[in-house]
Amino acid sequence: MSVLTKDEKKTLSVLAFLLFRMGFDQRAERVYEAIAEMSDPQSSDYRYAQTGLAAVEIEIGNGEKALAAVRRAKKGGPLSSREASLWMLEAQALWLQGR
């Protein structure tokens with residue numbers, strides 16, 4: 001695991017979000033995966049990356065991968081009110097799976 005500065009984490013996070021919003025789903029997925037790989041699984045950065053991955057997978061219609069990312073994000077401990085979107089992403093992932 002590589003240690004990133006606060007500014008580097010923020011830059012990667014903004015890049016991933018912009019790529020996702022511009023429709024470059026595969027590129028956004030790679031950046032979110034890199035953020036997750038370079039973050040402590042108990043950190044908010046890791047949870048953010050997994051949330052981003054879930055959103056990308058939902059966008060491309062892959063409910064199974066989206067649900068796996070949501071579950072990894074939720075393993076990091078209690079959710080803050082800022083992370084309530086994980087519940088919506090989980091519902092969308094389940095919907096995509098017909099559940």
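Q: Is Glu64 buried or exposed?
A: Glu64 is exposed, because its relative accessible area is 61%. Buried means under 20% relative accessible area, exposed over 50%, and partly exposed in between, with a 1.4 Å probe and protein chains only.

Q: Where does Glu64 lie?
A: Glu64 lies in helix α4. Helices (H or I, at least four residues) and strands (E, at least two) are DSSP runs, numbered from the N terminus.

Q: What kind of model is this, and how are residues numbered?
A: This is a predicted model, in which local features need pLDDT of at least 70, side-chain atom pairs count only at pLDDT 80 or more, and totals for chains, interfaces and linings use all residues. Residues are numbered from 1 along each chain as its sequence is written, and side-chain values use heavy atoms, with hydrogens and water left out.

Q: What pLDDT does the chain average?
A: The chain averages a pLDDT of 90, and 97% of the residues score at least 70. pLDDT is the predictor's confidence in each residue, from 0 to 100.

Q: Now the core: which residues touch the most other members?
A: Ala28, Tyr32, Ile35 and Leu89 do so, in a largest nonpolar core of 23 residues. A nonpolar core is a set of buried Ala, Val, Leu, Ile, Met, Phe, Trp, Tyr and Cys residues joined through side-chain atoms within 4.5 Å.

Q: Which elements give two or more residues to this core?
A: They are α1 (6-21), α2 (25-37), α3 (44-60), α4 (63-74) and α5 (85-96). The largest share, seven residues, comes from α3.

Q: What is Ala28 in contact with?
A: Leaving aside neighbours within four places in sequence, Ala28 is in contact with Ala16, Leu19, Phe20 and Val56. Contact means heavy atoms within 4.5 Å.

Q: And Ala16, buried or exposed?
A: Ala16 counts as buried, because its relative accessibility is 0%. Ala16 lies in helix α1. Not counting residues up to four places away in sequence, Ala16 touches Ala28, Val31, Tyr32 and Ile35.

Q: How far apart are Ala16 and Arg27?
A: They are eleven residues apart in sequence and 7.7 Å apart in space, C-alpha to C-alpha.

Q: Switching to pockets, what volume does the largest pocket have?
A: The largest pocket has a volume of about 510 Å³.

Q: Which lining residues lie nearest its centre?
A: Arg47, Tyr48, Thr51, Arg82 and Ser85 do, out of 20 lining residues. The elements that give two or more residues to this lining are α1, α3 and α5, and α3 provides the largest share, seven residues.

Q: Thr51 is on that list; what does it touch?
A: Leaving aside neighbours within four places in sequence, Thr51 is in contact with Ala73, Ser85, Leu86 and Leu89. Thr51 is found in helix α3, and counts as buried because its relative accessibility is 17%.

Q: What about Ser81, buried or exposed?
A: Ser81 counts as exposed, because its relative accessibility is 71%. The place of Ser81 is in the loop between α4 and α5. Ser81 and Glu29 are 52 residues apart in sequence, and their C-alpha atoms are 24 Å apart in space.

Note on methods:
On a 1 Å grid over the protein atoms alone, a cavity is a set of points where a 1.4 Å probe fits but cannot get out, and a pocket is an open set with protein on both sides within 12 Å along at least five of seven lines; lining residues have an atom within 4 Å of a point. Grid points are joined across faces, edges and corners, and a volume is the space filled by probe spheres set on the points.
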